[in-house]
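Opening my notebook on a structure I have not looked at before. I'll jot down what I look up, one entry at a time.

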Amino acid sequence: MDIRIELILVPVTDVDRAKSFYADQVGFVVDHDVRVSETLRFVQLTPPGSACSIAIGEGIIDTVPGSMKGIQVVVDDADETRAFLVANGVDAPEVQELAWGRFTGFSDPDGNEWSIQQLPPRA
């Protein structure tokens, strides 16, 4: 039996600002932006190379904006990813070297926090 995570709802205050941040600054692909009704808008974005997407919007989640913490993505090169983010105006800390990988991260305009990991070489 397979169980796959394919969509994570991210709480935001301003959908257009968040969509622009994730697409234009972080590099996520905009898959859908659909206004279903006056109270329901669904925007789906996918990180390049990922099978899991995020959804932001209106009327899709009642969690407090900025309360998402600890979502972790894996990249091939943490330095390259950090350089891309910084070049696009995203505040990403220096890459930190740990026994279980190399890490940086970022927060979106609402304060939702993302961790970026480069896995350590396999022995």
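**Strand partners.** I started with leucine 7, which stands opposite serine 53 in β4. β1 and β4 pair in the parallel sense over three bridges. For my own record, strands (E, at least two residues) and helices (H or I, at least four) are DSSP runs numbered from the N terminus, and two strands pair if DSSP finds at least two bridges between them.

**Ground rules.** I noted that this is a predicted model, where local features need pLDDT of at least 70 and side-chain atom pairs count only at pLDDT 80 or more, while totals for chains, interfaces and linings use all residues. Residues are numbered from 1 along each chain as its sequence is written, and side-chain values use heavy atoms, with hydrogens and water left out.

**The other side of β4.** I then looked at β3 and β4, which pair in the antiparallel sense over five bridges. Here leucine 45 stands opposite isoleucine 54. The hairpin of these two strands has six residues between them, and glycine 49 takes a positive phi near 80° there.

What is the order of the strands in the open sheet? I read it as β1-β4-β3-β2, four strands with mixed pairing. β1 (7-9) and β2 (29-37) stand at the edges with a single partner strand each, so one side of each has no neighbour in the sheet. On average, neighbouring strands are turned by 25° against each other, direction ignored. Angles here come from axes, which are lines fitted to C-alpha atoms (for helices over the stretch in contact), and run from 0 to 180 degrees between N-to-C directions.

**Isoleucine 54.** I went back to this residue of β4 (residues 53-58). Is isoleucine 54 buried or exposed? It counts as buried because its relative accessibility is 2%; the cut-offs are under 20% relative accessible area for buried, over 50% for exposed and partly exposed in between (1.4 Å probe, protein chains only). Five of the six residues of β4 are buried, so the strand is largely enclosed by the rest of the structure. The C-alpha atoms of isoleucine 54 and isoleucine 8 are 4.7 Å apart, although 46 residues separate the two along the chain. Leaving out residues up to four places away in sequence, isoleucine 54 touches residues including Ile8, Tyr22, Phe28, Leu45 and Trp114, where contact means heavy atoms within 4.5 Å.

**Helix α1.** Next I checked what lies across the sheet. Helix α1 (residues 15-25) lies across β2, β3 (40-46) and β4, running at about 10° to β3. Val15, Ala18, Phe21, Tyr22 and Ala23 are buried in α1, and the helix's buried residues pack against β2, β3, β4, β7 (101-107) and β8 (113-118). At its N-terminal end, aspartate 14 is the cap, with a side-chain oxygen 3.1 Å from the backbone nitrogen of aspartate 16. After the helix comes glycine 27, with a positive phi near 95°.

**Rings.** I searched the whole structure for aromatic pairs and got six. Rings of Phe, Tyr and Trp (its six-membered ring) pair if their centres lie within 6.5 Å; planes under 30 degrees apart count as stacked, over 60 as edge-to-face, and the rest as tilted. Phenylalanine 21 and tyrosine 22 have ring centres 5.3 Å apart and planes at 80°, so I logged them as edge-to-face. Phenylalanine 106 and tryptophan 114 are stacked, because their planes are at 10°, with centres 5.8 Å apart. Phe21, Tyr22, Phe28, Phe106 and Trp114 form one aromatic cluster.

**The core.** Which residues have the most contacts inside the largest nonpolar core? They are Val10, Tyr22, Leu45, Ile56, Phe106 and Trp114, in a core of 21 residues. Such a core is a set of buried Ala, Val, Leu, Ile, Met, Phe, Trp, Tyr and Cys residues joined through side-chain atoms within 4.5 Å. α1, β3, β4 and β8 each supply at least two residues of this core, and α1 gives the most, with five.

**Last entry: aspartate 110.** I found aspartate 110 in the loop between β7 and β8. It is buried, with a relative accessible area of 17%. Its side chain and that of arginine 17 are joined by a polar contact of 3.0 Å. A polar contact is a pair of N or O atoms within 3.5 Å; within protein, one must be able to donate a hydrogen and the other to accept it, and residues adjacent in sequence count only if both atoms are side-chain atoms.
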